[in-house]
Amino acid sequence: MSTLPRVLVLLATHNGGPWLGQQLDSLAAQRDVNLRVLVSDDCSTDGTLAALEQWCAEQPAELVSSGRRFGSAAANFFHLLSLVPDHPCDFVALADQDDVWHPDKLCRAVEAIRARGVDAISTNVVAFWPDGREQLIRKDQPPGPWNHLFESAGPGCTYVLRWTPAQLLAGEIRAKAAQLPAIGFHDWLIQAWVRSRGYSWWTDPWPSLRYRQHGGNVFGSRSGWQMWHKRWQMVRDGWYREQVLHIARFCDAQSLPCIVRLQRLSAIDRLVLALQAGHMRRVLVDRVGVALSFLAGARR
């Protein structure tokens with residue numbers, strides 16, 4: 001019997017034909033783990049489904065598509081996470097369809113979790129573009145006391161969780177399914193829930209994968225003026241505030257002073273929240289942007 005750590009990888013796909021092959025190859029090449037892959041395809045209309053069916057027939061993998069349209073990566077991942085208790089393992093990891101994992105991504109994550117005694121980790125990534133450009137995307141800045149409610153730990157494709165928090169999260173996802181359609185990002189919610197429940201999280205500065213950038217990215221890296229403008233609009237239009245409140249509700253964190261102030265949002269609340277922006281975001285420019293949004297009167 002194998003003594004290697006059992007890692008369940010949750011892979012969400014939708015029309016990933018141009019990139020899926022490289023990702024599947026990188027999953028199959030993972031070292032020193034007992035790997036099982038659970039795949040949910042969101043009604044792909046290209047060759048994705050056929051490629052998955054062939055790959056799953058050759059690998060320790062299972063295609064669990066329900067035949068219904070999820071409509072977003074977040075909804076697809078929530079579906080996958082709800083299935084975790086049916087697949088006992090030691091660790092749970094998430095995978096996007098278009099990245100390329102380093103062969104020791106999972107075994108290094110397992111080693112780090114065990115050595116540091118933490119419950120979950122994420123990592124930095126190297127973004128890459130079709131024209132050959134590459135850029136290190138850092139996510140290992142020191143976290144603040146509330147930042148898990150105000151931002152993701154980084155791309156969900158870097159996340160690896162111990163079985164126990166993953167199993168408990170799956171239970172809450174099933175129990176609170178009615179709240180999930182309002183939540184736009186699964187990776188943001190996962191870290192928020194893990195830390196809100198008192199589990200520990202660490203971000204490895206080592207980039208565990210190559211993070212593909214293309215026109216179909218849900219969010220992608222933070223490069224470029226257009227992306228910054230998009231993010232600012234999401235804050236100014238009230239979308240960001242609503243996401244924080246939805247996530248806090250799911251995590252039963254509504255009583256935190258910062259969330260109470262964000263809900264009420266009086267003039268004094270805006271000032272206090274702006275002064276506390278350092279507790280909400282890891283990166284200085286993000287802290288400034290959030291603070292300015294409060295002071296400028298971000299729309300409800």
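Predicted model: local features only at pLDDT ≥ 70, side-chain atom pairs only at ≥ 80, totals over all residues.

Residues are numbered from 1 along each chain as its sequence is written, and side-chain values use heavy atoms, leaving out hydrogens and water.

**Helix α11**
- In helix α11 (residues 267–275), the buried residues are Asp269, Arg270, Leu273 and Ala274 (buried is under 20% relative accessible area, exposed over 50%, partly exposed in between, with a 1.4 Å probe and protein chains only; helices are DSSP runs of H or I, at least four residues, and strands are runs of E, at least two, numbered from the N terminus).
- Looking down the axis of α11, these residues fall within an arc of 130°, so they line one face of the helix (the arc uses directions from the helix axis to the C-beta atoms).
- Turned away from that buried side are the exposed Ala267, Ile268 and Leu275.
- The buried residues of α11 pack against α10 (257–264) and α12 (284–296), with contact meaning heavy atoms within 4.5 Å.

**Rings and charges**
- Arg116 sits over the face of Trp202, 3.7 Å from the ring centre (this takes NZ of Lys or CZ of Arg within 6 Å of the ring centre and within 35 degrees of the ring normal).
- Arg210 likewise lies over the face of Phe128, at 3.9 Å from the ring centre.
- Trp188 and Tyr240 are both buried.
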